[in-house]
Amino acid sequence: MGDQRGLHLHPGTPACCWGPEKGGCANWIEDLAIPGEALGRSRGGLTSKLHLAVDGAGLPVSVILTPGPAGDNPQLLPLLDEISDLRIDGVRVQVGRVLADKAYSHPSTRKALRRRRIKVTIPERADQIQRRKQRGQAGGRPPAFDAEIYRDRNVVERCFNRLKQFRGLATRYAKRAAYYRSEVLIACLILLLR
């Protein structure tokens, strides 16, 4: 045993050897960092969620990145705020109608959209229908819902499917949220330019 070369009595991992430490990111990149890096723990591990608003043609208009377990409903108004800041050819873009799934059907969301004079096509959740019926006349009338208009909501899902064709977005290879959001924005630009 004493004749074997290259073996040490107390070998250690290469990481424990002394040497210069790796440098961090540049300060301007650190300023872009989101607390928690938009990572949330769920049963599947660490996940992120993209909240996306699209126009009638299915092209992305607004993007928000949150941790995976974050709810959809609280992100609707910030998405709309990003759109209201958007100007095309000097004209401010206005949202005329919101088509969304049942995750956005909370009464406070409907009220906020009504205050902004935005038409809403969101189906009611079963528990909301049941609660309204239990209250009888005090439950009020059901919110307006047009199933024909709601059929157009699939443009959002199709936009997500087009974004998932970019492998780096579908799997989030980027460690930093700022890098991942930049990748998403570049992919959205590519979709807009096609």
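A strand here is a DSSP run of E with at least two residues, numbered from the N terminus. The model is predicted.

**Exercise 1. Find the strand that holds I88, then name the residues of its nonpolar surface patch.**

Step 1. Look up the strand. I88 is found in β4, which covers residues 87-88.

**Exercise 2. Work out which residues of helix α6 are buried, and where they lie on the helix.**

Step 1. Take the helix, residues 154-163. Its buried residues are V155, V156, C159 and L163.

Step 2. Look down the axis of α6. The buried residues fall within an arc of 105°, so they line one face of the helix.

Step 3. Find what they pack against.

**Exercise 3. Decide whether C159 and C188 are in a disulfide or in none.**

Step 1. Recall the cut-off. A disulfide needs two cysteine sulfur atoms within 2.5 Å.

Step 2. Search the whole structure. The count of disulfides is 0.

Step 3. Check the pair. The cysteine sulfur nearest to that of C159 belongs to C188, 6.2 Å away. C159 is in no disulfide. Seen from C188, the nearest cysteine sulfur is that of C159, and C188 is in no disulfide either.

Step 4. C159 is buried, with a relative accessible area of 0%. C188 also counts as buried, at 6% relative accessibility.

Terms used:
Residues are numbered from 1 along each chain as its sequence is written. This is a predicted model: local features need pLDDT of at least 70, side-chain atom pairs count only at pLDDT 80 or more; totals for chains, interfaces and linings use all residues. Side-chain values use heavy atoms; hydrogens and water are left out. Buried means under 20% relative accessible area, exposed over 50%, partly exposed in between (1.4 Å probe, protein chains only). Helices (H or I, at least four residues) and strands (E, at least two) are DSSP runs, numbered from the N terminus. The arc is that of the directions from the helix axis to the C-beta atoms. Patches are made of residues with over 30% relative accessible area and no salt bridge: like charges are joined within 9 Å, nonpolar side chains (Val, Leu, Ile, Met, Phe, Trp, Tyr) within 5 Å. Accessible areas come from the Shrake-Rupley method with a 1.4 Å probe; for residues, only the protein chains shown count as cover. A salt bridge is a side-chain nitrogen of Lys or Arg within 4 Å of a carboxyl oxygen of Asp or Glu.
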